[in-house]
Amino acid sequence: MELCIDFGGTEIKLAVIEGASILASDRISVTGTTADLDAAVAASRALIERTGAPTAVGIAVPGVVDPASGRMLHANDKYGFLNDFDLRGWAHREFGLPSVIENDARAALIGETSTGSASGERDAVLITLGTGIGTAAMIDGIPLRGVTGHAGILGGHTTVDIHGPVCPCGNVGCGEALASSWALQGSAPHPSTGSGIGTVKDLFASDAHAETRDAFLRVWGATVVTLCHMYDPSVVILSGGILRAGDAVRTPIETYVREHLWPSMTAPRFVVPPEPEYSVARGLSVLAHQNHQENP
Ligand SMILES: [Zn+2]
């Protein structure tokens, strides 16, 4: 049984998981201060009271995690307070348990290919659409990490438009700078984004912003094409709260990919997790369980 803590864009999601079963879960709002850590501890303890004691902790962050130290190397805005913070030490102090730390998109990919919607798949990519664009890749059953933990997770920071805005990451015209909720909120001005659109969810609530919505879908499609060209997956997992809009998101992306894929490639299968809110926690449970087995 594992305690899983997912530091997400707008909420911290908590779950206690055993195998494929979500035993209990909760979510709390993010304030962007160290108070979030205390709130996560309090909410976790409340969950544990209901489920019994877990044997390990899994923690996901929306940033780059150094595989050796388990520390977050780079965090954007809200989680600046976690930069170089010793999350493993924190988990040990608060819960007396060993822990694993993972990038959220990579954890989601591991979750969906293990006990989730793409169970058993060994060659897969995942793209999470929402506050930003998170990606991850798995080849022959191995989630890609690379020497410093960056492999596969920067799909939202490949250049989609060389004439596009400068992204806070330093690159130009990144998919995330063109088509994400924070891009809409003015962090990176884009000619197609009008006023009155708060998040990507608003784009799918009505046809009022059809032009912007179609531009976003093309950016997401182009990003998936790049992921396919780089990693040759058999399955593409589309995730994030925006996928509740279902086929309105999935079909245009899938069509774009089929139209622009390298000719000799086989078009991948597209999967939308039925419970995207648990993708990350499922992956954390698997990783924390493995770590506990290997280092009892
Ligand atoms: Zn970027």
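Guide: Two strands pair if DSSP finds at least two bridges between them; helices (H or I, at least four residues) and strands (E, at least two) are DSSP runs, numbered from the N terminus. The model is predicted: local features need pLDDT of at least 70, side-chain atom pairs count only at pLDDT 80 or more, and totals for chains, interfaces and linings use all residues. Residues are numbered from 1 along each chain as its sequence is written, and side-chain values use heavy atoms, with hydrogens and water left out.

Visitor: Why is the pair of Phe-7 and Tyr-79 called edge-to-face?

Guide: Rings of Phe, Tyr and Trp (its six-membered ring) pair if their centres lie within 6.5 Å; planes under 30 degrees apart count as stacked, over 60 as edge-to-face and the rest as tilted. The centres of Phe-7 and Tyr-79 are 5.7 Å apart and the planes stand at 80°, so the pair is edge-to-face. Phe-7 lies in strand E1 (residues 2-7) and Tyr-79 in the loop between strand E6 (72-75) and helix H2 (87-95), so the pair ties together parts that are 72 residues apart in sequence.

Visitor: Why do Phe-216 and Trp-220 count as buried?

Guide: Buried means under 20% relative accessible area, exposed over 50%, partly exposed in between (1.4 Å probe, protein chains only). Phe-216 has a relative accessible area of 1% and is therefore buried; Trp-220, at 1%, is buried too. These residues are four apart in helix H7 (residues 210-231), which means a separation of about one helical turn.

Visitor: What is the mean pLDDT of the protein chain, and where is the pLDDT below 50?

Guide: pLDDT is the predictor's confidence in each residue, from 0 to 100. The chain has a mean of 92, and 96% of its residues reach 70 or more. Over residues 187-191 the value is below 50. Where pLDDT is low, the predicted coordinates should not be read in detail.

Methods: Contact means heavy atoms within 4.5 Å.
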